[in-house]
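Reader: I'd like to go through this model with you. Can we start with the whole chain and then zoom in?

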Amino acid sequence: MSRSNFTCRTFVTLVTAVLGVSCSRQSGDPVAVGEMVLVRLNVTGSTVLMGFMMCDEHGCNKMELWGVSEKHRISFKNFVDCGADGYGGVQTAKSPSIDREFLPSFLLVLSRHDEVVSLWLQEAPEAVVTLPISREQQRLYIKDHWMESLSPGSFTFEFLEDNSWRRECFNGGWYNRALGACSCPPGFDGLSCEIACGPDRYGAACARACSGTARGCRRSLLVWDCDTGSGCKICAAGFHGNLCDKICGAGQYGSGCFQKCGQCHSASPCDVYTGRCPSGCAAGYHGATCHHELTHLIIGPNITSVSGTSFSGHFYTTPENLEGSEAVMYYEVQYKLVDNMEGQWVTGVLAHLGNSSATLEAGAGSVPHFYNFTVDGLRPGQALDVRVVLLDRQLQGFSAVPHVRVTTHGERFIFDLTVFEVTSHGAKVAWTSSGNQTFVVRYACERLLACPESCFHSRDWLFVDGRSATLTGLLPGAVYNVLVSSSKDELQRESASIVTAFAVPDVLIDPVADACEACDTTSVAVGTGVVSRTNTSATVQWTPPRDCARLNGPHTGYHWQLLTISCPDDGCPQRSGTTRSTSVVLLDLLPSTLYELRVSLVNTVGFNPLLYASIYFNTCGIITN
């Protein structure tokens, strides 16, 4: 196959699955002023010599790219007044070499600015090579120039076209080059077919109605200028079938139900008429129909150094390495274990792009194009996948981005840390080690599940000569972090989380100190917490404990028990109950009788019958001897 005849169709076959792009550029197509062309060069062999030629009907000017894998260097030469085949011509000043590793696959960017063409490696935008051209030299050809005297190499190339010059058409519309505008299917309008008409509407400005009744556009067969020819017939938005009477199935919308729903939040279905997501877009997507990806990187990070506990690298945010739309403000370097593919990505670095107010958007923005990062706190001998996610102001980002694999140096000395026999106040841990020595076991409370109070005071450490340990004195209903490390090497460590079981509360309520209603006797004092009393009733009130750390679980209410202190000879029955309220009204009491009300806290486990607050009171009336 001729190199100059390598078409974008071949590119689609080879790399669409990787880059998620498509194009229609072929070698020999013109490059407009201001247009950028991204080319991926795939090389086999140790040497490549190729030419980027800008031609008109009389001849070409060209830039030659020389690459030799053993020298880790890429150099360029410029020629003017070449023949139509790219040979001959006059060499101009030789461009400086670029000290970059000669890889089997790399990206180059070509940009035209009036009478100058610029070329640079996507990963080295600071090293730009320029070639003077005439205004008539508009067509770009790429040609193999390797010579028999060299160790020959062969290459293929693929275009990734910049489509900014033409309008994008949504919702099934297509770009009509002859008209220079989008042709929209029935049910959609606007310059880019971005306006959805909704039920029973179609046409220019959505001004036409299908039926004007509750039937809407059901059974309506409409005509539009489709891309296969004028006068195409299609069902109205929201319907399909021979009679256009079947509503779109799940995940479909639009005219004839040919459009697929975008990335709706929680994978919910979109509106069959408009394609809109009623619950909003999934993370990383935006737009009326959630089809648009947030600005993200095309090529992942480059890892430059690795140690036993860290790795460093960089990434580029040049326009050629960005896809998607909408401004992003932060970047996040994430990693996860290779052998835990279903696990969560862990944040290694979260930082601003540029200064704290700068934003970045594909094809725009003034933030830097090069970012270094370092992630530390890792364990030796870990295989990790690493990616960079760009985030918007709400810290949402498109996460289906390329990742690279890195393995930290060294061997793991401690592994397979497990937790077992967890109770409300203790747990056991065990681990595997490749050597015999003393280990340090540290544990600290991170948070209480039923209380916002700090539990940082619950922490301890111990030395262990074996490969297991028993942890005691833990708080119920708490999350602990356990760290096992070598006493000789703190970098050799393994961590795990412990969630202790809930337990009954071990804290008391606080009775409310309120004045009591006046009674006709003051012979017996009234306890704190009694709000009112009569001859046969009393109202008692309290408040939840000030210290929620000892609730030991989610609080569900209160248990109360009423005891009679002074009881007639015929006996007094005890009463008890539960309530969610912080007060209780006691009825059908005996006059002139002393009572004790015991109140205990209740959580999801229950209550402690031996732990209660006592509130004493007497009913009104005359006490007889």
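Reader: Ground rules first. What kind of model is it, and how are residues numbered?

Author: This is a predicted model, where local features need pLDDT of at least 70, side-chain atom pairs count only at pLDDT 80 or more, and totals for chains, interfaces and linings use all residues. Residues are numbered from 1 along each chain as its sequence is written, and side-chain values use heavy atoms, with hydrogens and water left out.

Reader: What is the mean pLDDT of the protein chain?

Author: The mean is 80, and 79% of the residues reach 70 or more. pLDDT is the predictor's confidence in each residue, from 0 to 100. Residues 1-23 have pLDDT below 50, and this stretch has 41 contacts in the model beyond near neighbours in sequence. Residues 520-525 are also below 50, with nine such contacts. Where pLDDT is low, the predicted coordinates should not be read in detail.

Reader: Show me a sheet. What is the strand order in the one with β38?

Author: The order is β37-β38-β41, an open sheet of three strands with antiparallel pairing. Two strands pair if DSSP finds at least two bridges between them. β37 (414-420) and β41 (468-472) are at the edges with a single partner strand each, so one side of each has no neighbour in the sheet. On average, neighbouring strands here are turned by 20° against each other, direction ignored.

Reader: How many bridges join β37 to β38?

Author: Five. Valine 419 stands opposite valine 429 in β38. The two strands form a hairpin with five residues between them, and glutamate 421 in the turn has a positive phi of about 50°.

Reader: And β38 with β41?

Author: β38 (residues 426-433) pairs with β41 over five bridges, also in the antiparallel sense. Lysine 428 has threonine 470 as its bridge partner in β41, and alanine 430 stands opposite serine 468.

Reader: Is β38 mostly covered or mostly open?

Author: Mostly covered: six of its eight residues are buried.

Reader: New topic. Where is asparagine 171?

Author: In the loop between β11 (154-161) and β12 (174-176). Asparagine 171 is buried, at a relative accessible area of 9%.

Reader: What does its side chain reach?

Author: The backbone oxygen of cysteine 193, at 2.8 Å. The side chain of asparagine 171 also makes a polar contact with that of tyrosine 253 (2.6 Å). A polar contact is a pair of N or O atoms within 3.5 Å; within protein, one must be able to donate a hydrogen and the other to accept it, and residues adjacent in sequence count only if both atoms are side-chain atoms.

Reader: Last one. Where does leucine 483 sit?

Author: In strand β42 (residues 478-486). Its C-alpha atom is 5.8 Å from that of valine 441, 42 residues apart along the chain.

Methods. Helices (H or I, at least four residues) and strands (E, at least two) are DSSP runs, numbered from the N terminus. Buried means under 20% relative accessible area, exposed over 50%, partly exposed in between (1.4 Å probe, protein chains only). Axes are lines fitted to C-alpha atoms, for helices over the stretch in contact, and angles run from 0 to 180 degrees between N-to-C directions. Contact means heavy atoms within 4.5 Å.
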